Amino acid sequence: YRITTTAGAPFYVASIMDEAERNGNDLSSITGYMVGAASVPPSLVERAERAGLPVYRAYGSSEHPVITTGAPAAPLAKRAGTDGRLVPGSEIRLLDDGEIASRGPDLFLGYTDPRLDADSFLPGGWFCTGDIGRFDDDGFLTITDRKKDIIITSGGKNIAPQGLENDIKLGRYVSQAL
């Protein structure tokens, strides 16, 4: 159908490229592919670049769908290593522990169980995402971890899921840490 832009999770980008490699499909009509909804390894964006597919990362959640996004014209290092810049109307406040609090026009109004809202919202309508991140000098956000999802091993060691997920994607198995 010669689409020009699309979006999806990392699995779909990889599948599109796998299929194109297998069958010689032409992806040249795609001028931008926004990828998110899961952790995006830089190697996936780099692979897409080699295939001529302009992939860029984005950040959001079910509660606040699109907070930041990259752009097809951004340098490869920014597209592969960051989650983009704030979209118009969205705001981020980094709390003392690096947790991202966000607000903006597409932020949900609250959970169906109001008791959950007490721990999720700060005064002024800021939503505590549970994600840890940082901005670089150019205003690009990078998600570095999750605040709430810590694996505590039987040996009492704390492992951040983001680090474990990255190790697995890179073929490093960390069974000795478990």
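**Sheets, hairpins and salt bridges in a predicted single-chain model**

Five strands, in the order E1-E2-E3-E4-E5, make up an open sheet with mixed pairing; two strands are taken to pair if DSSP finds at least two bridges between them. The edge positions belong to strand E1 (5–8) and strand E5 (85–86), each of which pairs on one side only. The structure is a predicted model, in which local features need pLDDT of at least 70 and side-chain atom pairs count only at pLDDT 80 or more, whereas totals for chains, interfaces and linings use all residues. Residues are numbered from 1 along each chain as its sequence is written, and side-chain values use heavy atoms, with hydrogens and water left out.

The protein chain holds five helices and 12 strands. Helices (H or I, at least four residues) and strands (E, at least two) are DSSP runs, numbered from the N terminus. Of the 178 residues in the protein chain, 40% are buried; here buried means under 20% relative accessible area, exposed over 50%, and partly exposed in between (1.4 Å probe, protein chains only). The accessible surface of the protein chain is about 10200 Å², and carbon and sulfur atoms account for 55% of that surface. Accessible areas come from the Shrake-Rupley method with a 1.4 Å probe, and for residues only the protein chains shown count as cover. Contact is defined as heavy atoms within 4.5 Å. Among contacts in the protein chain between residues at least 6 apart in sequence, 52% join residues at least 24 apart.

Tyrosine 33 is placed opposite valine 55 in E3. Helix H1 (residues 10–23) lies across E1, E2 and E3 and runs at about 140° to E2; axes are lines fitted to C-alpha atoms, for helices over the stretch in contact, and angles run from 0 to 180 degrees between N-to-C directions. The loop between E2 and helix H2 (42–50) contains valine 40, which is buried at 7% relative accessibility. Leaving aside neighbours within four places in sequence, valine 40 is in contact with Pro10, Val35, Val45 and Arg57. Valine 40 and tyrosine 56, 16 residues apart in sequence, are 9.5 Å apart from C-alpha to C-alpha.

Strand E9 (residues 126–135) is mostly covered, with eight of its 10 residues buried. Strand E7 (residues 99–103) runs antiparallel to E9, the two being joined by three bridges, and glutamate 99 has isoleucine 132 in E9 as its bridge partner. Strand E8 (residues 121–122) also pairs with E9 in the antiparallel sense, over two bridges, with phenylalanine 127 in E9 as the bridge partner of phenylalanine 121. The hairpin of E8 and E9 has three residues between the strands, and glycine 124 there takes a positive phi near 90°. Five bridges join E9 to strand E10 (residues 141–146), again antiparallel; glycine 133 is bridged to isoleucine 143 in E10. E9 and E10 form a hairpin with five residues between them, and glycine 139 in the turn has a positive phi of about 85°.

On the surface, Leu86, Leu94 and Phe135 form a nonpolar patch with about 220 Å² of accessible area together. Patches are made of residues with over 30% relative accessible area and no salt bridge, like charges being joined within 9 Å and nonpolar side chains (Val, Leu, Ile, Met, Phe, Trp, Tyr) within 5 Å. Leucine 86 lies in strand E5 and is partly exposed, at a relative accessible area of 36%.

A salt bridge is a side-chain nitrogen of Lys or Arg within 4 Å of a carboxyl oxygen of Asp or Glu, and the count by this rule is 13. One of them is formed by arginine 47 and glutamate 21, with the closest N and O atoms 3.2 Å apart. Arginine 47 lies in helix H2 and glutamate 21 in helix H1, so the pair ties together parts that are 26 residues apart in sequence. Asp18, Glu21 and Arg47 are linked in a network of salt bridges, and glutamate 21 is exposed, at 58% relative accessibility. Arginine 103 and glutamate 91 form a salt bridge at 2.9 Å, N to O. This pair links distant parts of the chain, with arginine 103 in strand E7 and glutamate 91 in strand E6 (residues 91–94), 12 residues apart.
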